[in-house]
Structures are given as C-alpha cells and as structure tokens.
Amino acid sequence: MIPRSHPRAASLHIREKLVNGYRKGLVVEEGLLAHGRGEMFDYIIGEKTSKASYDAIKAAAHMFLLAKHPVISVNGNFAALCPKEVVQLARVTGAKIEVNLFYSSEKRKAAIASTLKKNGADQILGLDKRFSQKIPRLDSARRIVDERGIFIADVVLVPLEDGDRTIALKKFGKRVITFDLNPMSRTARTADITIVDNVTRGMQLLINMCKKMKRSRLDRKFKFDNKKNLNQSILVIKNNLWRMTHA
Ligand code: PTJ
C-alpha cells in the first residue's frame, strides 16, 4: 500500500491500477509502455489539469451533449484506469460503450467487458461478431467496429490512441475527442478536441461538466480551436521545464 502522504502517491496509485489491469488480462505489455510515456508527459505538465485542459473539457462536454450517436471507445489502459468513469460518462451523455483494441483477442475483450459490467455497464458493444463492420484505411484490429456503435457514431471518444486510428476515424467522417497527455502526438493534433490531461483526472471533470451543462442551454454555434488549445498546453510544458531547470 502506498501511503497518501507519499509525495508521488497519486502517480503511484495510477501505476498500481495499471499493473493490476495487466495482471487481470485487461492491459497488454505495450500498454504499460504507453503508460510510461504518459507519466513522463504528466510530470512535465505538473500532474494537474491546466486552464487549457479545462477549456477542452468544456468543449468536449458540448460536443458530447449535442451528439446524436456518441460512443466511448474503450481500450485496455482506459478500462484499467477509469472503468467507473466510463460507465458514468455513458449514463450522463447517453453514449454507447464499445470495446476496440489494437492488440485484440477475445479473452482480453471479455476481461474488459467483465470489468465494465462490474462497474455498472449494461450494454457493451464490440463483442458480438454478427455486428462487425470495417472502417476503411486502417490496418490493425481496430478497423473492426460495431455497426451499432462506432460505425454509425457522429462523435467518438478515443483516449490513449495512436495516430492512425484517429486519422482513419476522421476520414470516415467522425468527430473525435481524445485524452492525450502528449500535446504533440499525431492523435492530439488530428482530433477535433484533445484534452491534454491524465484520464484519471480528466474523466471525472468531464462527467461533472456534462452534468452541469445538461442543466443549461447548449450553444449550437460553440467553436473550439484545437490547435490553439494545444499550443497553450505546449506553453505550460515550456514554462514548467524552465521552472524545473532554473529552480
Ligand atoms: O489496449 P490496446 O490493445 O488497444 O492497446 C492500447 C495502447 C495504449 C497500447 C495503444 O493505444 C498505444 O500504443 O498507444 P500509444 O500510441 O502509445 O499512445 C498512447 C498515448 O496516450 C501517448 O501519447 C501517451 O502519452 C498517452 N497517455 C498515456 N497514458 C495516459 C495518456 N494520456 C492520458 N492519460 C493517461 N493516463
């Protein structure tokens, strides 16, 4: 057990969740490496949600609540880190939950679905081959999507992703929201809205924002400049690096 008073308690708890997810068969080895990259970026963004990320969360809540067929795409890392939050976000926004994996196997899909169900999910898409469809221009297993979910979605949340999938989804006409701690990644730069924050912090903030905005009138003309927002995150990193090296 990591004591709460430990200076790095939060990041060590996140690491523990991911390792548990790996032991339960949700996360692949490559997912542990992807997490390491995320940790590094989290460290230099100061392990907190920036003003730029709050703005992106607000924009994401807008897009979610105005969507006709929103879908939350779940991979191994996301399922290990935020199972409860995935279910809560789906409830608040009416989004569907779909399991979609890079390193796909029936066993992993079942382990992820079981974790989501334990956390209250009713319907989980991406498991039944009778509903499989293919996204064009994508090589990996992630091209297989559910015809009731990502295939017909207008808005898709795809956290912790690689660039190819985001590009393919965009070419397929989807609007993409992502969480990515690296504001320079291809996913971050291709998505319509990139929340540069750890999913473990940002998901709860997104749920709260959706709850709050559901009670008010949504602005259909709401505009968001993702490139400008990403540049603000890059500035946060630059300033933190300067502070760290000049302290
Ligand atoms: O479960 P699977 O089979 O679908 O595989 C999933 C992985 C994560 C292996 C796959 O999507 C992958 O290889 O991802 P990448 O290309 O390494 O991209 C992951 C991105 O997410 C990187 O830019 C990381 O900085 C970022 N990231 C890592 N952890 C977090 C994160 N962003 C937000 N929150 C995190 N906790």
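Visitor: How far does a backbone N or O atom of Phe102 lie from an oxygen atom of the ligand?
Guide: The separation is 2.8 Å. Please note that this is a predicted model.

Visitor: Which part of Asn198 has an N or O atom 2.8 Å from a nitrogen atom of the ligand?
Guide: In Asn198 that atom belongs to the side chain.

Visitor: How much of the ligand's accessible area does the protein cover?
Guide: On its own the ligand has 750 Å² of accessible area, and the protein covers 94% of that.

Visitor: How many residues surround the ligand, and which are the closest?
Guide: There are 22 residues around the ligand. Gly76, Phe102, Arg108, Asp180 and Asn198 are the closest.

Visitor: What is the make-up of that shell by class?
Guide: The shell around the ligand comprises eight nonpolar, seven polar and seven charged residues.

Visitor: Which helix gives the most to the shell?
Guide: H2 does, with five residues. Both H2 and H4 supply at least two residues each.

Visitor: Turning to the pocket: which space does the ligand take?
Guide: The ligand takes the space of the largest pocket, which holds about 710 Å³.

Visitor: How many residues line the largest pocket, and which lie nearest its centre?
Guide: The lining has 32 residues, with Ala34, Arg37, Leu160, Glu161 and Asp162 nearest the centre. By class, eleven are nonpolar, eleven polar and ten charged.

Visitor: Which helices each supply at least two residues of that lining?
Guide: They are H2 (29-44), H4 (76-81) and H8 (186-190). H2 gives the most to the lining, with eight residues.

Definitions and conventions: Residues are numbered from 1 along each chain as its sequence is written. This is a predicted model: local features need pLDDT of at least 70, side-chain atom pairs count only at pLDDT 80 or more; totals for chains, interfaces and linings use all residues. Side-chain values use heavy atoms; hydrogens and water are left out. On a 1 Å grid over the protein atoms alone, a cavity is a set of points where a 1.4 Å probe fits but cannot get out, and a pocket is an open set with protein on both sides within 12 Å along at least five of seven lines; lining residues have an atom within 4 Å of a point. Grid points are joined across faces, edges and corners, and a volume is the space filled by probe spheres set on the points. Helices (H or I, at least four residues) and strands (E, at least two) are DSSP runs, numbered from the N terminus. Ala, Val, Leu, Ile, Met, Phe, Trp, Tyr, Cys and Pro count as nonpolar, Asp, Glu, Lys and Arg as charged, and the others, Gly among them, as polar. A residue is near a molecule or strand if one of its heavy atoms lies within 4 Å of it. A polar contact is a pair of N or O atoms within 3.5 Å; within protein, one must be able to donate a hydrogen and the other to accept it, and residues adjacent in sequence count only if both atoms are side-chain atoms. Accessible areas come from the Shrake-Rupley method with a 1.4 Å probe; for residues, only the protein chains shown count as cover. A molecule sits in a cavity or pocket if more than half of its atoms lie within 2 Å of its grid points.
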